[in-house]
Amino acid sequence: MKKTVTINISGIIFHIDEDAYDRLNRYMSRLKRHFSRMEGRDEIITDIESRIAELLQEKVVDNKQVITIDDIEEVVKLMGEPSEMDQDSDYEPVNEPGPTYRRAKRLFRDPDTRMVAGVSSGLSAYFNVDPVWIRLLFVISLFAGGFGVLVYLILWIVVPQAITTADKLEMRGEPVNISNIERSVRDEFGNVKEKFNDFADGAKETFKKKSPGSPTLFDNLAEVIGGIFRIFLKVIIVLIGLILIIFGLGFIIAFVVGTAGLSSFSFFEHGEMIAFSLSTFLDMVFPGRVIGVLSVVALILLFGIPLIMITYLGIRLIVGNSVKVPYIGITAFGFWLAGLVMAVFVGFTTGMDFRHSAFVASDYDVNIKPEKVLYIKAQTDPMLYNSYNHSKTSLFDGEWNVKFKGDDYILYNVPEFYASSKTRDGKVTLEVSNFAKGSSQNEAYRRAEDLTYPVTTNDSTIILSTYYKYPPNAKIREQRVSLKLRLPIGQIVRFDKNMEEFFDENPNYQYRREEFEGNIWIMTESGLKPFIKEGESSINQLLDKKVHSNERSFALPLCMVPIRIIGF
Amino acid sequence: MCCIVLKLYYICRMNTDKRISQMRKGVLELCILTIIANKEDAYASDILAKLKESELIVVEGTLYPLLTRLKNEGLLSYRWEESKSGPPRKYYKITEIGEKLLQELTIGWQDLIDAVQKITESENTSLETTNQQS
């Protein structure tokens, strides 16, 4: 059972199913909108209507009185969609500046004014700017990491060339700009106004006639509300589109600038040119050149493609279907998936290098006589400083220091320092342990062994190095060197003034800024404490010190008062 | 790679369609005027039937904007006639100006056919059979 409506087309009465009526109504309003800018619009619509009436009349026979949706579909197919009607009969646009029919603009490559493939001239026609500026942008991009070349190649492949005259007209069509968006909103508004008038008329009639069955009032009310809703929707969609474009382009630019910055990072430091290139970074982190390059490609695909698609979506939302690029979704997804596969592969192969870990430990005993002061000094490999200056280059927020020599680099870092009161047989011992990771136990072991950290000892002195060194061009695989100085309780230590760098940059934060260097300390049960000589130890001095560094607890160690020091 | 090939195919196909439809566009006016002139009195369904017979148009909707334009340019006139079985019909008739234009168009078309034939004949002898038919 279906509800039917009675309609009048060109003076003929039809009984028509409600869904069929809806379909026909939508078709007619599409036609009206399509021909709205054409001369003689009403006449065309009337002619088409009477033809539809004729066709529908053929459908009505004695045992089938009602027009169904299938009939309407057939008629619509026969008459054709509004867009199909243009293809065969391209009516001339009226020359006067009044209501001309306008085509939406499409992006083409312009073969007439091209320099290479016509991408720039096509873009300039599309955005209505002089092609010189766009060419200039592409040329400038050559110096900023060459990103523009990639964009140019993609556009060359994706954007079709304007071949026919129609293509060229379409290419130069109306500029896509804010006023256009405004116009489309205004068109929609005009429609609603018309509907509102219809609705008002309908309301008048309904109240006059008081015919209870007539659906026009509520139908029209629904249409008016729907129209107003559509305007809001359109404005919101345009806003969302703008936000997406700003978001997508912003991140793309940030990404490009970031990558370009990383790929050729060079700076002057104390008159020395230091170049830290992307390839050096890749060598430090990834197991091989190929993997390194793959990681960059994967990164570009994984982040670049969603951003490009976001921007594209934004443009589509604002401009509509006129910039539709065929197969873009599936292509983008394919590339993104390839990026994902590459990233997984890179992650896996690199992760393999972290599977095993190994320690290499070496102990240095100091046979110091009891009650003698232990002297600790630091020494720095002169190679790490050049003759010019005493500066070094820090990497990754100071986590590593690096020395470049041509294309080679040497990483070096300060070892972790601990002091402990647990000793073996009351002896002074320095334990050095190297740690590293690798894809096999052997590799990890070799890597740990390759770290160089020279220590010299004699009967009262330990000479440490400020830095441990990686072998040249080594990969970063969690290498570290830690020192544990075991001192018996009561042992007095003097750290040399030149250990400032060692303590200031020590990975063990507890020992930073404690003023070890140049001062005398004593091992107590609760760790190293500052040692104050007998004569100096006035309460005031102690209080002063306490004020200066209140995080240090100053339980005066019992053992520190009466010890007689030799050599002070 | 596959996508690029598909894309190229797509472009080629689109352009062939466009070209053919552009060629059609040019002669559609001439055909409509000829049909109306020959029939003395023609209404839309008659014209449609003829055009569809020779596969000159795909959808019927194409005709109406064209007829309206020709009428507005003064090439056609029409009169209403009541129909027993349906809505009143518009019978189109060609005007004097239309007649003149039709003559010029026909001559122009004949010249065009000759010119095209000359070129295609000398360029391509295998087309001879097609020419004889026409």
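**Chatting through chain A**

The crossing of H1(A) and H3(A) is right-handed.

Me: Hi! Which helices are those, and what residues do they cover?
Reply: Hello! In this predicted model, H1 spans residues 18-34 of chain A and H3 spans residues 69-79 of chain A.

Me: At what angle do they pack, and how far apart are their axes?
Reply: The angle is about 20°, and the axes of the two helices are 8 Å apart. Angles under 35 degrees count as roughly parallel, so H1(A) and H3(A) are roughly parallel to each other.

Me: Nice. Which residues meet there?
Reply: From H1(A) you have A:Asp19, A:Ala20, A:Arg23, A:Leu24 and A:Tyr27. Facing them in H3(A) are A:Ile69, A:Ile72, A:Glu73, A:Val76 and A:Met79.

Me: And by class, how many are nonpolar, polar or charged?
Reply: Seven residues in the contact of H1(A) with H3(A) are nonpolar, three are charged, and none is polar.

Me: Switching topic: how many helices and strands does chain A have?
Reply: Chain A has 16 helices and 19 strands. Of its 568 residues, 38% are buried.

Me: What share of the contacts joins residues at least 24 apart?
Reply: That share is 69%, counting contacts in chain A between residues at least 6 apart in sequence.

Me: Now confidence: what is the mean pLDDT of chain A?
Reply: The mean is 77, with 74% of the residues in chain A at 70 or more. Residues 87-102 of chain A have pLDDT below 50, though this stretch has 32 contacts in the model beyond near neighbours in sequence. Residues 537-543 of chain A also fall below 50, and that stretch has five such contacts.

Conventions: Residues numbered from 1 in each chain as written. Chains lettered and ligands numbered in written order. Predicted model: local features only at pLDDT ≥ 70, side-chain atom pairs only at ≥ 80, totals over all residues. Heavy atoms only, no water. pLDDT = per-residue confidence, 0-100. Contact = heavy atoms within 4.5 Å. Axes fitted to C-alpha atoms, helices over the stretch in contact; angles between N-to-C directions. Helix = DSSP H or I, 4+ residues; strand = E, 2+ residues; numbered from the N terminus. Parallel < 35°, antiparallel > 145°, perpendicular 65-115°, else oblique. Left-handed = near helix turned anticlockwise from the far one by under 90°. Nonpolar A, V, L, I, M, F, W, Y, C, P; charged D, E, K, R; others polar. Buried < 20%, exposed > 50% of the residue type's maximum accessible area, 1.4 Å probe, protein only.
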